[in-house]
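Here is my note on the model you sent. Please keep the structure open while you read the points.

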Amino acid sequence: MSRQTTASIWDRPQGYGLVSRTLHWLMAALFAVQFLSAILHFIDRELPLARTVWGLHYTLGFTLLVLVVLRAIWGVLNLRTRPPHGHGLVGLAALGGHVALYALMIFVPAVALLRAYGGGRGFAVFGFPIFQPGTRDEALMEPAHLLHGPAGWVLLALVVGHVLMVFVHKHVWREDILGRMTRGRQDDASVSGPASTGRAIEQN
Ligand code: HEM
Ligand code: HEM
């Protein structure tokens, strides 16, 4: 059985291409820091470590928003050739889980940026002004006051569920789902149907 890594930039039914894999793991690493900053902020925002890591929260959050938009565009371009989600309820749950991850990866930072805009104090990332100081508008700030933190925690819960499901695939159902996202190929299953349709997988 081959354990080769796939160098294609495009996604294929057997596994994700270089672009999708790079974006997935880069963003997973940045999300780890982002959630660490939120957890420390929640526990005790005055801790020296909490203050240091919180210093990255806005910049990292903005960077993640830019990356998820690029990732979503790339995902749409590759939609027809991406690895399939599988059949039945489990497949539907996997698809729903991924859609929910995308929705929250966009909603959580977007609503915070709207609040920063409404705050009227301007916003800069890496020294580049994203928006200039302006007038304060409470209505633009309210959605984030209500939802930014709670939706951020729901996103964290979904990520934990997502990672647990990878373990379930591997150790309970004996499917090498992880290989799709690491080597770019799933070695324990063959893909039926023409590659361009990205349809069902047959388990060994
Ligand atoms: C995907 C990116 C982001 C995630 C996952 C995230 C997550 C979180 C979480 C879980 C909290 C709650 C922390 C607590 O209860 O102490 C929080 C708070 C906060 N975040 Fe973010 N955040 C992101 C992006 C941003 C961005 C882009 C900004 C600013 C433009 C921002 C500004 C804030 C502020 C001011 C708070 C404290 C007030 C509040 O809880 O709403 N965040 N964030
Ligand atoms: C240790 C951490 C992680 C592991 C082991 C992991 C593993 C995987 C694997 C194996 C897949 C392919 C699943 C399939 O083809 O059905 C995948 C896809 C995906 N993962 Fe993760 N993941 C991790 C962290 C994250 C994080 C932090 C996020 C987002 C906040 C995320 C979002 C996604 C999304 C949206 C997909 C669908 C494919 C795509 O559009 O990129 N993952 N992940």
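**Notes on the model**

1. Start with H145, which sits in helix α5. Helices (H or I, at least four residues) and strands (E, at least two) are DSSP runs, numbered from the N terminus. H145 counts as exposed because it has 11 other C-beta atoms within 10 Å. The cut-offs are 20 or more other C-beta atoms within 10 Å for buried, 12 or fewer for exposed, and partly exposed in between, with C-beta atoms placed from the backbone. From H145 to H169 is 24 residues in sequence and 38 Å in space, C-alpha to C-alpha.

2. A word on the basis. This is a predicted model, in which local features need pLDDT of at least 70 and side-chain atom pairs count only at pLDDT 80 or more, while totals for chains, interfaces and linings use all residues. Residues are numbered from 1 along each chain as its sequence is written, and chains are lettered from A and ligands numbered from 1 in the order in which they are written.

3. The chain has 6 helices and 4 strands. Their order along the sequence is α-α-α-α-β-β-α-α-β-β. The C-alpha atoms fill a box of roughly 60 × 35 × 30 Å along the principal axes. Of the 204 residues, 18% are buried.

4. Now α4 and α5. Their axes come within 8 Å and cross at roughly 150°. That makes α4 roughly antiparallel to α5, a label for angles over 145 degrees. Axes are lines fitted to C-alpha atoms, for helices over the stretch in contact, and angles run from 0 to 180 degrees between N-to-C directions. The contact of α4 with α5 has 19 nonpolar, 7 polar and 2 charged residues. Here Ala, Val, Leu, Ile, Met, Phe, Trp, Tyr, Cys and Pro count as nonpolar, Asp, Glu, Lys and Arg as charged, and the others, Gly among them, as polar.

5. Ligand 1 is surrounded by 20 residues, the closest being A38, G61, A112, G149 and G152. A residue is near if its C-beta atom, placed from the backbone, lies within 6 Å of the molecule. Two or more residues each come from α1 (18-44), α3 (57-77), α4 (88-119) and α5 (138-171). Helix α5 gives the most, with 6 residues. The shell holds 13 nonpolar, 7 polar and no charged residues.

6. Which residues are closest to ligand 2? They are A28, F31, H98, L101 and M181, out of 19 that surround ligand 2. The elements giving two or more residues are α1, α4, α5 and α6 (177-182). Helix α4 gives the most to this shell, with 5 residues. By class, the shell around ligand 2 has 13 nonpolar, 5 polar and 1 charged.

Key:
Parallel < 35°, antiparallel > 145°, perpendicular 65-115°, else oblique.
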